[in-house]
Amino acid sequence: MHTANKMTAEEAVRLIESGDHVYIQGSTSIPEVLLGALANRGHELKDVTLYSGFAVGKAEAPYCKAEFKDSFIVDSFFVSNSIRNWINEGYGSTTPCFLGEVPGLMRDGTWRVDVALINCSEPDEEGYVSFGVSADVATAAVECADILIAQINKQMPYSYGDAVVHISKLAAVVEVDDPLVEVPTPVPNENEIKIGNFIAENIPDGATLQIGVGGIPNAVLSALRNHKNLGLHTEAMTDGVLPLLQSGIIDNSRKKVLPGKSVASLALGSRNLYDHMNYNKDMIFKDVAWTNNPYVIAQNPSVMSINSCLEIDLTGQICADSIGTKIFSGIGGQHDFVYGSSLSEGGKSFLAMLSTTSKGVSKIKPVLSTGAGVVTTRFQAHYIVTENGIVNLRGQNLAKRAKLMISLAAPQFREDLERAACERFGYSFLRLK
């Protein structure tokens, strides 16, 4: 690789100045080498705003140290594992927004982007590098930033779509051989398998899938082994889709948007997934403003949106981003796909969770916990699923919703939930008995 801008990480981050607004690429491709070098400059810098989105870090972010509290302003639009403690301790903050609208906030100047730190593949024959597993917000950040600083990483797959930039556009190139974070497919437990089966039974052949992240979405994928002609238009590509792609169950033959292609905005999985992606023209990675646009999503037939959540109240208000007042993650694309599926002919959305926490507390509550954020409103709630069953809240009044939600709760909590429903909804609930 020949480039005039090849340098060390320490030299590259000297392009960042106090007061700059810096985007850090996410997914499983946080440019860790560059961030380490940037943190080492912490005592020289002041008020450097760091934007980050959906991401999985290898460890606590190196800039999240009390000594750097005035050096770096962490302003995340998704709370990932590497900055979660820092934000919940009050040093950093998070901006509530749909992931699909983040590129617009950059493009219209609401959020300034002076520098983008990205993690790229080696260049192809024409000199284009790919930011591989993370087109999502990186596409807009690369477009808007004045300065692009890139790790050219032997471990990054080359993906097709929007996640490419010519090497000549890079102000600094740092060659690394840095393994991507791997997020292996969680093995579903017995209750997650039950949930996966409930959902799979409601998915028709020929449907277009959006699959969230975690044990329950992967349990759904495992339960789809006898389906046919499925399509994939999702925010996150995970290992769970590989068996369905390799067996031809996902063939994208009935999609209207990019038929024949699996579409995603980011990937997180094992090395097996990253190797499958590399120079694979059947997989297209696009700007999240496009993949998550509900009107693009809705053009596909029978869109099945499958996501998990943290707790739900008796009216169908769904919390998916916080545990009480503590922000745990972010809204991501849940709302975009819930809405997009509602506009799709034959579309359905499924919000799934185990009925109790690991400590045995009910996740179905009379009212949401104090401070819990509503990610999907009760006006949009469609299918709700636990290991105890599946219910359809669409078109149901509040009293009927409460009865349906109580049926999904663990048996030991149903009496208390019924008492709360009686107090709240009165005779309209009592008469349903």
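## Strand E3 and its partners

Leucine 50 stands opposite valine 74 in strand E3, a pairing taken, like everything described below, from a predicted model. The strand that faces E3 here is E2, residues 48–52, and E2 and E3 run in the parallel sense with three bridges between them. E3 is also joined to strand E4 (residues 93–94) by two bridges, again in a parallel arrangement, and in that pairing serine 76 stands opposite threonine 94.

## A parallel sheet of three strands

Strands E8, E16 and E14 form an open sheet in the order E8-E16-E14, with parallel pairing. Its edges are strand E8 (160–161) and strand E14 (262–264), each of which pairs on one side only. Three bridges connect E14 with strand E16 (residues 283–285) in the parallel sense, and valine 263 stands opposite isoleucine 284 of E16.

## A mixed sheet of four strands

Another open sheet contains four strands in the order E23-E18-E19-E24, and its pairing is mixed. Strand E23 (364–365) and strand E24 (374–376) lie at the edges, each pairing on one side only. Strand E18, covering residues 311–313, runs parallel to E23 and is joined to E23 by two bridges, with aspartate 313 standing opposite lysine 365 in E23.

Technical notes:
Residues numbered from 1 in each chain as written. Predicted model: local features only at pLDDT ≥ 70, side-chain atom pairs only at ≥ 80, totals over all residues. Heavy atoms only, no water. Pairing = 2+ DSSP bridges.
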